[in-house]
Amino acid sequence: MRPVQEEATVRRAVADAHRREWAAVLASTVRVTRDLDLAEECVQDAYADALAAWTRIGVPDRPGAWLTTAARHNALDALRRARTLRSKLHLLVEPETDPAETADDTEPAVAEDPVQDDRLRLIFLCCHPALAAEAQVALTLRLVCGVSTSDVARAFLVSESTMAARITRAKKKITTARIPFRMPTAAELPDRLTAALSVIYLLFTTGHTAPSGSDLARTDLAVRALELARLLRDLMPDEREVTGLLALITVNHARRSGRTTPDGRLVLLEDQDRTLWDREAITAADRLIVEALRGGRPGRYALQAAIAALHASAPSYAETDWPQIVELYDALLAGWPSPVVALNRAVAVAMVDGPAAALREVDRLAADPRLAGYRYLPAIRADLLRRLGRTDEAVPLYREALRLADNEAERRFLFDRLAELTTPPGKAEDPR
């Protein structure tokens, strides 16, 4: 029997492979099964097999390749069993099927496939217009990108049970409606683009600031989103919102080195060391933004990229062009009336018109049911009250934000801020 330490090492390796390789392994397996549920089951079995096999043989040099091979073998075995069963029960329970009736289910030859990357292919496959828009995005984030159901729920500001039900309904719809599991043609891609963009955007935001976990960011998800945005840009270079999304991800990812201290503590934008930011990436994003804003009304991703670029190009937090940021948020709200966007706009208003003006806007937003349980709402209200010297009102809001936060880096920041307001000098009591 191998030492416990080796078993622990294998478990860590499998967990790491799940974070890094899930999407690629699932995408490859779907090519064999053309069935999401079966592919997911085969991939899950492959990861379970890895726990036992890697304990015996050691962690392979290429875990993703090992898992892909195992999952595909599982899929082929399952398909063979299904064919055998059909051959035995066929005459009793199934009518003869004319091959011409199922011709639409046949996947086009690879040479005709406009998307060659497996992960991007699977995103377009899941973003089928027969599904509700939110279901397309949620299903793809969960299955293709490996984002947990709870984190997908946080992205949509709904409960985990609600999101789990949506994902289940979407999977059943694919099966019961017999939606052809084939790659859309180049002409069909634009109809699925909005959902695909949302998937990559939410994948990045989930990685940029993880809704849960010990670290502020999940770099693996952020890097995956950046790679997918680049692939999508290569595929559809004339789509301005594709360019805008790549710019948005690029400029935000360029700040990753300054967002935490060496020991993982959150650093606010105003306190970040701007010399740590990737200036080459920021310059590349600027070029993309100019392209995305040129010719016609700008889209939501291009406008968000322009806001992020103003932050990235400012010499300091105080010297940021806050009035222009407020104007860009106004344009963004005109096309995307999201309460989260309005909340972010209020932060900029505080820098232009002062915290009292911003607080009035945030108080109005607090009545919006879509922000119920949104962890940043009480945190922003608390900060504005703190800046106004209304400490007694800020404290319970910081406590509420701390209760809602599941990311440990954010929790540490909120705890420290709360302790500043509630703990006498020399004390270190936990105000929770």
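Reader: Leaving aside neighbours within four places in sequence, which residues is isoleucine 123 in contact with?
Author: This is a predicted model. Neighbours within four places in sequence are left out here. What remains for isoleucine 123 is Thr140, Val144, Ala196, Val199, Ile200 and Leu228.

Reader: Which residues touch the most other members of the largest nonpolar core?
Author: That core holds 124 residues. Ile123 and Ile200, which are in contact, both belong to the group asked for.

Reader: Why does the span of helix α17 agree with what it should be?
Author: Helix α17 runs over residues 391-404, which is 14 residues. The expected span takes 1.5 Å times one less than the number of residues. So α17 should span 20 Å, and its end C-alpha atoms are apart by that value, 20 Å.

Reader: What do the buried residues of α17 pack against?
Author: The buried residues of α17 include Ala394, Val395, Leu397 and Tyr398. Ala401, Leu402 and Leu404 are buried in α17 as well. Their packing partners are α16 (376-387), β2 (406-407) and α18 (408-422).

Reader: Which residue just after α6 takes a positive phi?
Author: In α6, residues 149-156, the buried residues include Val152, Ala153 and Phe156. The buried residues of α6 pack against α5, α7, α8 and β1. Just after this helix, phi is positive, at about 60°. The residue is leucine 157.

Reader: What is the angle between the planes of tyrosine 317 and tryptophan 322?
Author: Tyrosine 317 and tryptophan 322 are both buried. Their rings lie 5.0 Å apart, centre to centre. Planes over 60 degrees apart count as edge-to-face. This pair is edge-to-face, with an angle of 70°.

Reader: Over the ring of which residue does the charged end of arginine 255 sit?
Author: A charge sits over a ring if, among other conditions, it is within 6 Å of the ring centre. For arginine 255 the distance is 5.7 Å. Arginine 300 lies over the face of tyrosine 201, at 5.4 Å from the ring centre. The ring under arginine 255 belongs to tryptophan 277.

Notes: Residues numbered from 1 in each chain as written. Predicted model: local features only at pLDDT ≥ 70, side-chain atom pairs only at ≥ 80, totals over all residues. Heavy atoms only, no water. Core = buried A, V, L, I, M, F, W, Y, C linked by side-chain atoms within 4.5 Å. Buried < 20%, exposed > 50% of the residue type's maximum accessible area, 1.4 Å probe, protein only. Contact = heavy atoms within 4.5 Å. Helix = DSSP H or I, 4+ residues; strand = E, 2+ residues; numbered from the N terminus. Phe/Tyr/Trp six-rings, centres within 6.5 Å; stacked < 30°, edge-to-face > 60°. Lys NZ or Arg CZ within 6 Å of the ring centre and 35° of its normal.
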